[in-house]
Amino acid sequence: MNAFAEKLGIARLTPAQFIQVLETLHMLGEAGAGIELSSLSTDVLVDVVRRASREQLKAIADHPELRPVFLDEIFRRMSEHFSPARARHVDIVVSWRFSDGSGEDGYDRFQTVIEDGVCVSSTDLSRTPDTTITLSVDDFIRMATGNAAVAAMFVTGRVKVKGEYAPAVRFSSYFDIPKPTAD
């Protein structure tokens, strides 16, 4: 799967073609063919996002099946890239709201809890958040894969924060966020 993704000429694909490739891969995974988006290494996933245009990423965000697949995959990988040493003595609950969603009030929602040196993310919203971060799915995909300047997204209002601001600003420092490589 990694070899296929690395060779894919993403820049030559229209957003519709890009989605068609991802839909096909997702369908093969659902059919048990052993080809799954979740089998992509994090480095290859980061590279795919780097090579994708904003329009292609927006097409993922707008897709009813691929949107939750990508969100679930990023949140699943979050604990793998968590650095407990950097988050010593940190106990925070971050709620995430993704615009244009199918959930309550038009948002898809997740919650990330960092406590006792462990990071867990899920759609369970039972904890009271210290901060709530609202942004678009395509911006989140770019941010979570190191393909966007997080500080610039805060400054330009692409990322909105409700509640305590400091945990939102420090959040990314608790992770080894993958770094995209240049061609």
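User: Which residues in H4 do Pro15, Phe18, Ile19 and Leu22 in H2 meet?
Analyst: This is a predicted model where local features need pLDDT of at least 70 and side-chain atom pairs count only at pLDDT 80 or more, while totals for chains, interfaces and linings use all residues. Numbering starts from 1 along each chain as its sequence is written, and side-chain values use heavy atoms, leaving out hydrogens and water. H2 spans residues 15-30 and H4 residues 54-62 (DSSP runs numbered from the N terminus: helices H or I, at least four residues; strands E, at least two). Taking contact as heavy atoms within 4.5 Å, those H2 residues meet Glu55, Gln56, Ala59 and Ile60.

User: By class, how many residues in the contact of H2 with H4 are nonpolar?
Analyst: Ala, Val, Leu, Ile, Met, Phe, Trp, Tyr, Cys and Pro count as nonpolar, Asp, Glu, Lys and Arg as charged, and the others, Gly among them, as polar. The contact of H2 with H4 has one polar and one charged residue. The nonpolar count is six.

User: How are H2 and H4 oriented to each other?
Analyst: Their axes sit 9 Å apart and the helices pack at about 50 degrees (axes are lines fitted to C-alpha atoms, for helices over the stretch in contact; angles run from 0 to 180 degrees between N-to-C directions). Under 35 degrees counts as roughly parallel, over 145 as roughly antiparallel, 65 to 115 as roughly perpendicular and the rest as oblique. H2 and H4 are therefore oblique.

User: And how are H2 and H5 oriented to each other?
Analyst: Here the axes come within 11 Å and cross at roughly 70 degrees. In the contact, Ile19, Leu22, Glu23 and His26 in H2 meet Leu66, Val69 and Phe70 in H5. H2 and H5 are therefore roughly perpendicular.

User: Which residues in H6 does H5 meet?
Analyst: The axes of H5 and H6 (residues 137-144) come within 11 Å and cross at roughly 30 degrees, so the two helices are roughly parallel. From H5, the contact takes in Arg67, Phe70, Leu71, Ile74, Phe75 and Met78. Their H6 counterparts are Val137, Phe140, Ile141 and Ala144.

User: Which strands stand at the edges of the open sheet?
Analyst: The sheet has five strands with mixed pairing, in the order E3-E2-E1-E4-E5 (two strands pair if DSSP finds at least two bridges between them). An edge strand here has a single partner, so one side of it is left without a neighbour in the sheet. Those strands are E3 (118-122) and E5 (160-163).

User: What stands opposite Phe98 in E4?
Analyst: E1 (residues 92-98) and E4 (residues 131-135) pair in the parallel sense over five bridges. Opposite Phe98 stands Leu135.

User: What is the centre-to-centre distance between Phe75 and Phe110?
Analyst: Theirs is one of 12 aromatic pairs in the structure (Phe, Tyr and six-membered Trp rings with centres within 6.5 Å; planes under 30 degrees apart are stacked, over 60 edge-to-face, the rest tilted). Phe75 in H5 and Phe110 in E2 are 35 residues apart, so to speak linking distant parts of the chain. The rings are stacked, with 10 degrees between the planes and a centre-to-centre distance of 4.3 Å.
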